[in-house]
Amino acid sequence: MKQPTLFSFALFLLFSSTTLAVSPAPAAAPKAPAAKTPHTPKAAAPSPKPLVPSLPQSPDSPDSVPDDITRILKKAKMFSTLVRLLKTTEIMNNINSQLITAKSGGITILAPDDSAFSNLKAGFLNSLNAGQKIELVQFHILPEFVSSSNFDSLSNPVQTVAGKDPARLPLNVNALGNSVNISTGVVNATILGVVYSDNKLGIYHVDKVLLPLDFFVTNKAPALAPSSLAKAPKAAKENSSEDDQEESNQDHNKSGALSLSNVSGTKFVSLGIALMAVATVWS
């Protein structure tokens, strides 16, 4: 009885050890997924800050190009003199036509207010001829659209409709911070604000009339004629010689000596007396 029991017990042990060896190891616990960092959206780049602030009385800027600058300036109620000059010089019509037909580019107007014109010397505008009035108005117009935030991108001297001659028509723009200053060689002005701005037309309020240097360049005095410059030393030399001769004669007279002219005169007198004596003898 003991042998079958031992044999059964041995089989039981053998079966248990085989089961333990064959059974697979328990699977490792799955790793927890890494926590994802929440995506932070990038902050949008701030839009460029306008260098020139908009004025309270500025007309609303429409999406389309305006067809009448007069309406814009009159609505601002401070540019009557400029409007009159634009009309009398007929530049107003040219600007309106260009804005309607132009497909690119644009125009920028630097607009002095009525107070700026009243600060000019009395009678200044009336002293200008027709050509000078046209040049004055053209000097306030840039043949391109400049937004209120792009004045610092202009290259000096700035091109105006009047021309780009640094000797006659210099116009330099200096944009620093929120200030835009303009120099013409005669006046220094400041842009006070935006009167009107869209994608083709910019009108900016300036505190002074931009006077071109061309109006104040004086002509050089004509040089003296070479002949007059040449004669002056000669005349001085002749006067000096005459003075020296007179002093010399005076010295000779004081010393009892005869001058050359006196000697010649004496000889002529003696010759005349001798001829008279000969004539007497022959007679």
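Which residues have the most contacts inside the largest nonpolar core? Select Ile-69, Ile-95, Ile-109, Leu-201 and Ile-203: they hold that place in a core of 34 residues. A nonpolar core here is a set of buried Ala, Val, Leu, Ile, Met, Phe, Trp, Tyr and Cys residues joined through side-chain atoms within 4.5 Å, and buried means under 20% relative accessible area with a 1.4 Å probe, protein chains only.

Before moving on, note that this is a predicted model, where local features need pLDDT of at least 70, side-chain atom pairs count only at pLDDT 80 or more, and totals for chains, interfaces and linings use all residues. Residues are numbered from 1 along each chain as its sequence is written, and side-chain values use heavy atoms, leaving out hydrogens and water.

Now click on Ile-203. Leaving aside neighbours within four places in sequence, Ile-203 touches Ile-69, Ile-72 and Leu-73, among others; contact means heavy atoms within 4.5 Å. A second, separate core of 19 residues includes Val-158, Val-173, Ile-191 and Leu-210.

Next, show helix 2 (residues 69-76) and helix 3 (residues 80-88), whose axes come within 10 Å and cross at roughly 160°. Helix 2 is therefore roughly antiparallel to helix 3, a label for angles over 145 degrees. Helices are DSSP runs (H or I) of at least four residues. At the contact, Thr-70, Leu-73 and Lys-74 of helix 2 meet Leu-82, Val-83, Leu-86 and Lys-87 of helix 3. These residues divide into four nonpolar, one polar and two charged.

Finally, step just past helix 3 to Glu-90, which has a positive phi of about 65°.

Conventions:
Axes fitted to C-alpha atoms, helices over the stretch in contact; angles between N-to-C directions. Helix = DSSP H or I, 4+ residues; strand = E, 2+ residues; numbered from the N terminus. Parallel < 35°, antiparallel > 145°, perpendicular 65-115°, else oblique. Nonpolar A, V, L, I, M, F, W, Y, C, P; charged D, E, K, R; others polar. Buried < 20%, exposed > 50% of the residue type's maximum accessible area, 1.4 Å probe, protein only.
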